[in-house]
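Colleague: I am new to reading protein models. Could you walk me through one?

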Amino acid sequence: MQKKISTLPFRGTAEQEQQLREIIEQNKQDPSRLMGVMQQAQDIYGYLPMEVQQIIADGMGVPLEKVYGVATFYAQFALSPKGAYNVSVCLGTACYVKGSGDVFNRISEILGIGADECTEDGRFSLTACRCIGACGLAPVMTINDEVYGRLSVDDVDDILAKYKD
């Protein structure tokens, strides 16, 4: 699944940028530190928007394409912000054959976002994942650290309603 770039406006602070620039300054002499700088940048911002990738590229003296290539190759990097409630639906085999695709589609419809997107208010994000190791509870989704199993499409509205207030 290809990562989507966020369409939400970037809301970084001057303090975050200063922190990132200090990290870059400490590492810019060694291009092999690029991934470590990117990891720390994601810790600061929660994801790697294009504006942050550009700061990293300029500061580390590498092309933006290289930073973007690393960000899109490794699953640990996110190009979109996570919402206060990150909804993750398992699309692994056991969950999928029991209807997790339909559960995912219903959540997407309710929230008005697709995979790897965040609602404009920053309240919800939606991700599709592969096997979370709860195959006996298939189909499964998580909202942050809360696990919901043996789901049907009919369960989705009530579960999400708990998080909307």
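Modeller: Let us start with a term: buried means under 20% relative accessible area, exposed over 50%, and partly exposed in between, with a 1.4 Å probe and protein chains only. Helices (H or I, at least four residues) and strands (E, at least two) are DSSP runs, numbered from the N terminus. This is a predicted model, where local features need pLDDT of at least 70 and side-chain atom pairs count only at pLDDT 80 or more, while totals for chains, interfaces and linings use all residues. Residues are numbered from 1 along each chain as its sequence is written, and side-chain values use heavy atoms, leaving out hydrogens and water.

Colleague: Which residues are buried in helix α4?

Modeller: First the general idea: an α-helix has 3.6 residues a turn, so residues three or four places apart point the same way. In α4 (residues 64-73), the buried ones are V67, V70 and A71. Their arc around the axis, taken from the directions from the helix axis to the C-beta atoms, is only 100°, which puts them on the same side of α4.

Colleague: And which exposed residues does the face turned away carry?

Modeller: That face of α4 has E65 and F73. The cover over the buried residues of α4 includes α2 (34-45) and α3 (50-60), where contact means heavy atoms within 4.5 Å.

Colleague: How many disulfides does the structure hold?

Modeller: A disulfide is a pair of cysteine sulfur atoms within 2.5 Å, and the structure has zero. For C95, the nearest cysteine sulfur, that of C90, is 3.6 Å away. C95 is buried, at 2% relative accessibility.
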